[in-house]
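Here is a briefing on one structure.

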Amino acid sequence: MSWFKRKEKGIQTATEDKKDVPKGLWYKTPTGKVIDTDELARNLWVSPEDDFHVRIGSAEYFQILFDDNKFKELDANMTSKDPLNFEDTKKYDARLKDAITKSGLKDAVRTAVGKSKGNDLVVACMDFAFIGGSMGAVVGEKIARGIDYSIENKIPFVMISKSGGARMMEAAYSLMQMAKTSAKLAQLAEEKIPYISLCTDPTTGGTTASYAMLGDINIGEPGALIGFAGPRIVKDTTGKDLPEGFQSSEFLLEHGFLDFITHRKELKDKINLYIDLILNQELR
């Protein structure tokens, strides 16, 4: 005799009334470890099972760095245009609208000012959820304006990079942002205002070739992919087999491209420590 037996046949449930297990309750890391997402958030989005740093966005980094998650966003409503009328498999303006709707973001970077361990700090943070964190004219302009704010108010500047590189839909306009942001960082250096660069997973392309590697202190997150071109492109270009993990933050630290690798739990303390040391002021 079966344990369960349906007495009535032909019972159907409308699709909208079916009860599915809610999505997002669990997260599986690349090493196969599974963790409850609430526990993951409490652990600053680092898997306690294998210490894997889950990819996060500006909202999470602002929460980590700013005291009580209080900050003022700069240039919050700036959005991209389509000066080239670009179209590939989809029109660029339509792609922008989709990205805004799906991500809830205006573009691939957000800039904000707030207190971090009691002192003012300007933070620019990229979001991979917006067209792969690609660097376009708005990204360059918002970073430039964030640096201007730092200069005008004598506030240290932090850049958190997470990008697939320059935005192809803006062609030369996107490549110009490399020079633009680099020039602004030179002005910041002339004013002797600290600049801390944090490279997260992934930091690639024109982002790596400009502001991501120009910090007074360059930091990487554990296990982050950091490089200019992808491994396949590098291998095809050089014609040589590449060392294992040659674009990981650990490999870059060993070969002098990074100053430190910082665990996310220590990020706020370490960034403020470096700022205090650069300014030769009392350690917080």
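How many salt bridges does a search of the whole structure find? The search finds 18, a salt bridge being a side-chain nitrogen of Lys or Arg within 4 Å of a carboxyl oxygen of Asp or Glu. This is a predicted model: local features need pLDDT of at least 70, side-chain atom pairs count only at pLDDT 80 or more, and totals for chains, interfaces and linings use all residues. Residues are numbered from 1 along each chain as its sequence is written, and side-chain values use heavy atoms, with hydrogens and water left out.

**Salt bridges**

- Lys180 pairs with Glu141, with 2.4 Å between the closest N and O atoms.
- Lys180 sits in helix α5 and Glu141 in helix α4, so this bridge ties together parts 39 residues apart in sequence. Helices are DSSP runs of H or I with at least four residues, strands are runs of E with at least two, and both are numbered from the N terminus.
- Lys180 is partly exposed at 31% relative accessible area, and Glu141 is partly exposed at 22%. Buried means under 20% relative accessible area, exposed means over 50%, and partly exposed lies in between (1.4 Å probe, protein chains only).
- The side chains of Asp276 and Arg284 form another salt bridge, at 2.9 Å from N to O. Asp276 is buried at 1% relative accessibility, whereas Arg284 is partly exposed at 32%.
- Shared partners link Asp75, Glu141, Arg145 and Lys180 into one salt-bridge network.
- Lys115 and Asp120 also meet through their side chains, at 3.2 Å from N to O. Lys115 is partly exposed at 41%, and Asp120 is partly exposed at 34%.

**Nonpolar cores**

- The largest nonpolar core has 26 residues. A nonpolar core is a set of buried Ala, Val, Leu, Ile, Met, Phe, Trp, Tyr and Cys residues joined through side-chain atoms within 4.5 Å.
- Val139, Ile143, Phe157, Met159, Leu188 and Tyr211 touch the most other members of this largest core.
- Two or more residues of this core come from each of α3 (92–103), β4 (109–116), β5 (119–126), α4 (137–153), β6 (157–163) and α5 (172–190).
- The top contributor to this core is α4, which gives four residues.
- Another core lies apart from this one and has 24 residues, including Ile56, Phe62, Ile196 and Leu267.

**Helix α4**

- α4 has 17 residues and reaches 24 Å from its first C-alpha to its last, close to the 24 Å expected at 1.5 Å a residue. The expected span is 1.5 Å times one less than the number of residues.
- Buried residues of α4 include Val138, Val139, Lys142, Ile143 and Ile147.
- The buried residues of α4 pack against β3 (71–74), β4, β5, β6 and α5.
- Beyond its neighbours within four places in sequence, Val139 is in contact (heavy atoms within 4.5 Å) with Asp107, Ala108, Val109, Met126, Ser134, Arg167 and Tyr211.
- Lys154 follows α4 and has a positive phi, near 55°.

**His53**

- His53 lies in the loop between α1 (37–42) and α2 (58–65). His53 is buried, at 7% relative accessibility.
- A polar atom of the His53 side chain lies 3.2 Å from the backbone oxygen of Asp51.
- A polar atom of that side chain of His53 lies 3.1 Å from the backbone nitrogen of Arg264.
- Setting aside neighbours within four places in sequence, His53 is in contact with Trp45, Val46, Glu221, Pro222, His263 and Arg264.

Terms used:
A polar contact is a pair of N or O atoms within 3.5 Å; within protein, one must be able to donate a hydrogen and the other to accept it, and residues adjacent in sequence count only if both atoms are side-chain atoms.
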